[in-house]
Each structure stands twice: as C-alpha cells, then as structure tokens.
Amino acid sequence: MATTLANRAAQNQSIGLLRLSFNFLRDLSTATSTQNPGAASSASASKKPKRKKKKNLFEVAQFLPNWGLGYHMAKTHWTDVSYQITKINLYKDGKHGKAWGLVHKDGVPAAEAPKKISGVHKRCWRYIPHLSKPGDTDTAPTLMKPTEDAPKPDAQLA
C-alpha cells in the first residue's frame, strides 16, 4: 500500500511539471504578442493581397456564349492585335484544347483564312469587349424599301 501511494505521488508530481511547462510556454507566447501589438498589425498591413490567377483562352471563353465563337480575345501584353475565335476543339476537362481564329490588327481583319492560335494554354488571355460581337447589325448596311405612304419626290408629281 505504501508503494502505491508513492507511485501516485510521483505520477502527480510529473503531471504537475508537465502542466507547468505547457502553461509557461502558453504564457510566453501570449506575452510576446501583447507586448508589441503595433508590430503584428504593421506586418499584416505590409502583406500584399493575393494575386488573381490569370486565365488561359478556354477559361476565358467558357463564360462567353457558345464558348466564345465570334468573339475577340487577345493576350494581355498584345497591343492592337486580337483573334476572332472561329473554331474550338476542347479536351474533356474543358480547360485544354485547340483553337482557330482570324487575326485582327487595329480591329480590321489582317488575314482572310483562320489560323491555329498558338499559346492558348498560357495564362495571359483576356476578352476584348469593345470589338464587334456576333449578331451585331450595326456593321451591316440596312436597305429600306419605299412604301406607298411615303411622300413622292417633286419630279414624279409633275
């Protein structure tokens, strides 16, 4: 019986030392953070926000109607050059594939036949919204037929 009491006392003493060491470490870590509160806030303020991941051509095209067919896209570092997408072959994952398009320089077609677009998997593509979209009727001339109610020119009246 005396040995069991001695064993219990030894266990309680070792557990007490373990608790003390954990409490000491916890107090030490909180004491360093409360001593200089300005240092922690300045470190988080100097931390730059996370950059947005750029997109490849297919990730840009997936949000456009009909996977971007007929829309203009360009690499971010290109100036005054874009491709009007004419054909896309997608792989199963939807983020890879092949694409063809008409080259446009300054908004005017530079080639008559579509060519395969190189660098479609590079993460630097953007949609060019200000160039014409498919279905725009602004560029096509409209012809109006004269109606019977319209006034006739003076030459026809005489």
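**Close-ups of a predicted model**

View 1. Ile-117 sits in the loop that runs between strand S5 (115-116) and strand S6 (125-127). Leaving aside residues up to four places away in sequence, Ile-117 touches Tyr-83, Ile-85, Ala-99, Trp-100, Gly-101 and Trp-125. Lys-98 is 19 residues away along the chain, yet its C-alpha atom is 7.6 Å from that of Ile-117.

**View 2. The largest pocket and its lining.** Here we look into the largest pocket, with about 160 Å³ of space. It's lined by 13 residues, and the closest to its centre are Asp-80, Val-81, Ile-128, His-130 and Leu-131. By type, the lining splits into 5 nonpolar, 5 polar and 3 charged residues.

**View 3. Asp-80, a positive phi at the pocket.** Asp-80, one of the residues closest to the centre of the largest pocket, belongs to the loop between S1 and strand S2 (81-90). Its phi is positive, at about 65 degrees, even though Asp-80 isn't a glycine. Asp-80 counts as exposed because its relative accessible area, 54%, is over 50%.

**View 4. Asn-66, a positive phi in another loop.** Asn-66 also isn't a glycine, and its phi is positive too, near 55 degrees. You'll find Asn-66 in the loop between helix H3 (57-61) and strand S1 (72-75). With a relative accessible area of 57%, Asn-66 is exposed.

Technical notes. Residues numbered from 1 in each chain as written. Predicted model: local features only at pLDDT ≥ 70, side-chain atom pairs only at ≥ 80, totals over all residues. Heavy atoms only, no water. 1 Å grid on protein atoms, 1.4 Å probe; cavity = no way out; pocket = protein on both sides within 12 Å on 5 of 7 lines; lining within 4 Å. Points joined across faces, edges and corners; volume = space filled by probe spheres on them. Nonpolar A, V, L, I, M, F, W, Y, C, P; charged D, E, K, R; others polar. Helix = DSSP H or I, 4+ residues; strand = E, 2+ residues; numbered from the N terminus. Contact = heavy atoms within 4.5 Å. Buried < 20%, exposed > 50% of the residue type's maximum accessible area, 1.4 Å probe, protein only.
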